[in-house]
Amino acid sequence: MDNPIGKEVHNQVCQVCQYWLRSHQGVCPILDNELQCTSGILTSNSSYILDSDNLGSSSALYEQVHDDDNLQCPKTVFTIDVPERRTIQKGQRHVHTELPSRFIKACTFKHPTFGIWNWEKAGLRLQPQPSASMSSRTNFWRERLQKWKLAQEKISSAEINQEKLLEEDDSGLLSDVEFDQMKMYEELRQPLSRKVPVPSSRINPYRAAIILRLVALVFFLQYRLANPVRNAYGLWLTSVICEVWFSLSWILEQLPKWKPIRRETYPERLCLRYNQPGEPCELAFIDVFVSTTDPTKEPPLVTSNTVLSMLAVDYPAERVTCYVSDDGASMITLETLQETCQFARTWVPFCRKFNIEPRAPEYYFSQKVDYLKNSTFPTFAKERRTMKRQYEEFKVRINCLIAKFQNVPCDGWVMTDGKPWPGNDIQNHPGIIQILLGCSGPSDAEDRNLPQLVYVSREKRPGYQDNKVAGAMNSLVRVSAILTNGAYILNLNYNHYINNSKAFLEAMCFMMDTNIMEKACFVQFPQRFDGANARNQYSNHNTIFYDVNLKGLDGIQGPLYVGTGCFFNRKALYGYDPPMESKCSILSWYKPGKEKFYDGCGYASTVHLEASTSCDVEPNILEAEYPSLFLSLKQYFGQSLTLIASIIVKDDRFSRSETPEDLLKEAINVVSCDYEENTSWGREIGWMYGSRTSDILTSLKMHARGWRSIYCTPARPAFKGSAPVNLSDRLNQLLQWALGSIEILLSRHCPIWYSFGSKLRWLERMAYINATIYPLTSIPLVIYCTLPAICLISGKFIIPPISYVGNISLALLFLSVFTTGLLEMRWSGVGTEEWWRSQQFWVIGGVSSHLFAIIYAPIKILVGKSANLTVLTEKFVEEDLRELYVFRWTSLLVVPTTIILINMWAIVAGISTAIKDTNGSWVLLFAKLLFSFMVLIHLYPFLKGLLVRQQRVPTIIVIWSLLLASLFSMLWIRINPFVTKFTGPNVEECGIYC
C-alpha cells in the first residue's frame, strides 16, 4: 500500500539487496512503488526515479546505506547545471516543461547539485549500458546525438543557485523553438512501430473455448467409436472417418490462431528521423512491380489507374520506380502507359495539393461521398471539376486506343518509325524495355519530379518455359537490380491500386526500424476489394482469412505471402539468411579476414562493402578483386557481371560509371528466355516455380531460412482490388488456388516434411500444412453432405439411440462450436454475416472446386507440363481452350447441383415414408430432416447464384445432375450397402422345421 504524500519513509529495506533506505529530514518523501533496488541495475547510474511532483521540493537527496557500517561507499559530489522546470506563458495559462525522463532516471538530486555515487572507488566496477542511439553506427545517428547534446546544453543554461526548482523566473523562459526542438528529439528516440496484443479480456476466453472444444471433440469421438450402429455398420464407420478428418482439419486451422496480434505504426516519426525538410532524404529506395498479361481481358484503364495511384504516392519521387511487366508484349499497353504519363503531370500535383484519397482517379471520382465536407481550400471545387473533365478526356483517349487495337492488321502493328512492333507474336518475340519516366524526364505541372516508370516485356521463344507470373516477377527483379537496385520491392497485381497514399511509409516503419529490419523478409498488407456485392454473398472479401488467420500467424513467425500488396526485402529474395544465423543458405554474410566459405554446403559467401565508400565500384573491378566469389555467384544468379555487382554492393554505385545505353543492353540480356538456365532462379532465388500458387512456396522458403514476416493493417486499407462478382469467376478462383495447393502437396516442397530441422516454427508449419491439404477435405465433405439423404432413404441413422453420456458429449460439442465462433468474431471484429458467408462458401467450394482440383492436379502432374492451364477466370483462358473451359465450368456445377437434388428428393421421400409408417419415431425423423436442411442452407448461395444466371441453368448441367441423382437412387434401392443384410434364421436354434 502506497504511503500518503507528505509522510516520511524511515528504515525502508529493499527486498532484493537488503539495503536500508532512509530519508533526510525536510526531504520530499518517496512512495513504496518508487523504492528502486540498484543491485539489478548496476549497468546504469540511476538510483531512484523521481517524477515531476517530487522535483518541486526544496532539496532531494536519497542515500543508500548498507547494513554493515564497515562498508562505506565513498561519494563524490560535483556540481553540474540542472535544467530548471521552466514556465512558458501562453495567453492566460502557464505551461510547465519537463526534464527528459532519461535525464531524471540517471541522477539523484541534491539541489542545486547532483550527488552521484562513485562506485569505482568503492571497488565496484560499472559497465555503463549504451543507449539506443549510441548503438547505431551510422553517421546519421552521430549527427542526431550531437544535436541532442547541444539542445540539452541550451536547455540547461539557467541559474543553479535557486532555492526552488519550480520557481518561476521570466528571465529564464524557454522559447517556443527550443521547446519544440526538445520535444522533437524526445520523439526521435521513440520506436517506429509497436505490437498491440489482443486484450486479455477478449483472447483468454477464446483460448479457453478452444480448449473446451478440444475436450468436447475427444469425448465425442470416444463416444462415437465406442457406440457403433449395429444395423448400419458401414454408414456409421464412414461418418466416423469423416468426423475424424474434420477434427484434424479444424485443429490445423485453429492452433495457429492462438496468439493473434496487431501492429501500430508511426509514419510521422519515420519522416522526422529520415526525411526532415532542408536535409537530405534518407528513406529507402523502393521498386514497384505491376504485372499484366492481356489488355483485351485486363482493361488498360484499370492498369492505368494502378500506375497513377503509384505515381501519386506520398513518398519522395526520386526514391520510387515503377516497373510494369507486360507478358503479352502488347503495343496498346505501352501506348496506354504513355498517355498515363501525360495525364500524371496534372493529376499528381492535384493529389499532393489537396491530399486526396484514394489517388486512383477512377475510384476517387466514383465515390459517393460529400467531397466538400472537410475542404478548406477556396479553389478546391473549381480545380476538382477541371481535373474531372481532364480525366474524362483521358478515358476517351484510352477508349480510342482500345477501339483502334480491336482489329489486328494482317502484317501486325507498326511503330511510328515504320518498323514492325517486336511483340506482334506474343509467344515469339525479343525482350522490350522502355523508360517512360526517369530522373531527367518530364516533370509535373509544378516542375517537380515524378517517380520513374519503366515498361518491361521479357523475351519469349518456343520451347522455353515462361513460368507464368513467377517468371515475370523474377525478370523484373533482375532488371530493377541493374537499373535502380531498390532495397525493397512492392508487388502489385494490375487491378490492385494504392488506396492509402502513406502505404509506403507504413511499410518502411518496419523495414527501416533497427529492431526489425534485419529479420523481416516482407511486410504483407491485407487485400480489400471493390466491386463485390454489398452482402458478400460468395465470401469474396475473404475476411476470415485476412482478419483472423493472418493476424494469428503474425504472432508466430508472420503471415503467408498472398500474391500482392507485399513489400519484400531484396536480400530475402536473393536467398540470404537472416544476419547472425549459422544455417545453410545460398548466401551468407562475409566476415572480414575469412576467405573461406561460410558453411560446407558449397554455397558462396558475399562481400559486405561499407556504405561510406565514396568511390564508384565497377563490375569489372569487383570481378578482378573477387574472382572466386564472382565465379561461384554466377552458378546461382547467371552470367551478368552487372547483376552480380548489384547483389554485392548495397546501393547503385556499381552503375554510376555505366552509360544508360550499356545498362539497357544489360537489362535486355537478363530478361532473355534462356538466362535462367542452369541457375537457381525459381528454385532458391526470387519467386519460386513449381506451382500455380507460387506465393505460398516463396514465403515457405523464406520462413524456413529463419526470416519472419510482418502483417500491417492500417486504419485506412493500403491497397484495394477487384474481386470476382459472379459465381463462375468465384468458383474458378477457388479452383486455381486449390490446384496450386495440391501441386505443392505432391511436390518436394510439401510442408509436412519439407525443411525439417530448419527455423520454421511448428505452429507456422501447421499453417502451411493447412494451406496445402485443405482441398482434401472435399472428399469427406461430399460424403457427409450425402449422408442425410442416405439416412432419410434407408431409414437408418449414423448415431445409435443416444444415452445420457451421448447427450452430454453432443451438447458440449455444439456449445463449444458456437462459443468458439462467437468469441472469434469478438476479438477479430468480423461481423456475423461475414462469418456465416465464409462457412457457407467453405462447403460450396469443397463440393465443387476443391473436389475437381483433387481429380485434375494428379492427372496434370502425371501427364506433364504440357497440360498446364490457367483457369482463374475466363479472361485468362486462350481462345483455343474455350471448350475445355466450358467443360470445367460445367464440372464445377454438377456435383453441388446433384447434392441439392438428392437431399430435396430424400426430404420428400422421408416425410412420405414417415406418414405411411405410423410406428416410426418422429424424433429420429426430425434429426434426419435437420441434418438434410443444414446441407441445403449451406448450399443456398450456390443455388441462388445458379438460378439467377442470365442464361439460365445450362441444359447439360440439369441432365447430368438428374442422371446422377436417378442413378444414385436406383443403385441404393438395389444395393443398399450401408444396411446389415438379413441372413435368415439360425437353424441350430429353431431346428429343421424353422
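1. A word on accessibility before the details: with a 1.4 Å probe and protein chains only, buried means under 20% relative accessible area, exposed means over 50%, and partly exposed lies in between. Please keep in mind that this is a predicted model, where local features need pLDDT of at least 70, side-chain atom pairs count only at pLDDT 80 or more, and totals for chains, interfaces and linings use all residues. Residues are numbered from 1 along each chain as its sequence is written, and side-chain values use heavy atoms, with hydrogens and water left out.

2. Let me begin with the sheet. Eight strands make up an open, mixed sheet, running β13-β14-β12-β11-β15-β19-β17-β20. Strands here are DSSP E runs of at least two residues, helices are H or I runs of at least four, and both are numbered from the N terminus; two strands pair if DSSP finds at least two bridges between them. At the edges sit β13 (432–437) and β20 (708–711), each pairing on one side only. From one strand to the next the twist averages 20°, with axes taken as lines fitted to C-alpha atoms (for helices, over the stretch in contact) and angles running from 0 to 180 degrees between N-to-C directions.

3. Within that sheet, β11 (residues 286–292) and β15 (residues 488–493) are parallel partners, joined over six bridges.

4. Next, the charged pairs. A salt bridge is a side-chain nitrogen of Lys or Arg within 4 Å of a carboxyl oxygen of Asp or Glu, and the count by this rule comes to 26. One of them joins Arg 194 to Glu 264, with the closest N and O atoms 3.1 Å apart. This pair spans 70 residues, from strand β9 (residues 193–197) to strand β10 (residues 261–265). Arg 194 is partly exposed at 39%, and Glu 264 is partly exposed at 23%.

5. Glu 264 also forms a salt bridge with Arg 262, at 3.6 Å from N to O. Arg 262 is partly exposed, with 39% relative accessibility.

6. Another salt bridge worth a look is Arg 528 with Asp 547, at 2.8 Å from N to O. Here strand β18 (residues 528–530) is linked to helix α13 (residues 543–554), the two residues being 19 apart in the chain. Which of these is buried, and which partly exposed? Asp 547 is buried at 12%, whereas Arg 528 is partly exposed at 22%.

7. Finally, Asp 327, Arg 458, Lys 460 and Asp 466 belong to one network, joined by salt bridges that share partners.
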